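User: I am new to this structure and want to know what stands behind the terms used for it. Please show it and take my questions one by one.

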Amino acid sequence: MQPPQQLWIVGYQKSAKTNQLIGMGLAPGTAIEILQMVAGNLVVRIGETRIGLNQDIAEQILVSDQPLTAPENVMRDPANMEQIAPLTLKDFQLHQTGKVKGFADTDTPDLRAYKKKLLAMGLTPGTEFTVTHIAPLGDPVEIKVRGFRLSLRQAEAALLIVQEVQE
């Protein structure tokens, strides 16, 4: 990457000091601009604040070149250019495999906070998962992601914008 470049934080490596990074303003979903890079050390801008990051810390932060709630939230049918609803995890069937594309926009603080928890649990854009169990009434749904099983309620599953992966 070459400065200046805008990126969005999507998560952290397992060894990251998550609380310290969030305390510095480096929370998942945050837009950062790389201003300078010297010998692996970075100077980044978050809003009006500039922060210096050494190489060890910078390597623990996972980033994307697209916002987490970017264009995946409004998809268009190329045939008639009408808006169509994005595919979410709650739309998947048992044993179906998919890939996280992003997160739905939400205006409630609880769901915004839950989006950050999903990121911390490894549901970052590009991550593949498989639906392993769906409760009899459809809530919750269990997925296998990054080698572990995760159960999500329907409201939480509706936050994940996904695409189907053909095996």
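User: What makes Ala 39 count as exposed?

Analyst: Ala 39 has 67% relative accessibility. Exposed means over 50% relative accessible area, buried under 20%, and partly exposed in between, with a 1.4 Å probe and protein chains only. At 67%, Ala 39 therefore counts as exposed. This is a predicted model, in which local features need pLDDT of at least 70 and side-chain atom pairs count only at pLDDT 80 or more, while totals for chains, interfaces and linings use all residues. Residues are numbered from 1 along each chain as its sequence is written, and side-chain values use heavy atoms, with hydrogens and water left out.

User: Where is Ala 39 found, and what is its phi?

Analyst: Ala 39 is found in the loop between strand 2 and strand 3. Strands (E, at least two residues) and helices (H or I, at least four) are DSSP runs, numbered from the N terminus. The phi of Ala 39 is near 55°, a positive value in a residue other than glycine. Strand 2 and strand 3 form a hairpin with 2 residues between them, and Ala 39 is in the turn.

User: Why is the contact of Glu 33 and Arg 45 called a salt bridge?

Analyst: The term asks for a side-chain nitrogen of Lys or Arg within 4 Å of a carboxyl oxygen of Asp or Glu. For Glu 33 and Arg 45 the N to O distance is 3.1 Å, so the pair qualifies. Glu 33 lies in strand 2 (residues 31–38) and Arg 45 in strand 3 (residues 41–46), so the pair ties together parts that are 12 residues apart in sequence. Glu 33 is partly exposed, at a relative accessible area of 25%, and Arg 45 is partly exposed, at 25%.

User: How many salt bridges does a search of the whole structure find?

Analyst: The search finds 2 salt bridges. Besides the pair above, the side chains of Glu 142 and Arg 149 meet in a salt bridge, with 3.5 Å from N to O. Glu 142 is partly exposed, at 21% relative accessibility, whereas Arg 149 is exposed, with a relative accessible area of 51%.

User: What is the phi of Arg 146, and where is this residue found?

Analyst: Arg 146 has a positive phi of about 55° although it is not a glycine. Arg 146 is found in the loop between strand 10 (141–145) and strand 11 (148–152).

User: What makes strand 11 and strand 12 the edge strands?

Analyst: The open sheet has 5 strands in the order 11-10-9-8-12, with antiparallel pairing. Strand 11 and strand 12 (160–164) each pair on one side only. Within this sheet, 3 bridges join strand 8 (residues 97–103) to strand 9 (residues 128–134), and Gly 98 stands opposite Phe 129 in strand 9.

User: How many helices and strands does the protein have, and what share of its residues is buried?

Analyst: The protein has 4 helices and 12 strands. Of its 167 residues, 37% count as buried.

Definitions and conventions. Two strands pair if DSSP finds at least two bridges between them.
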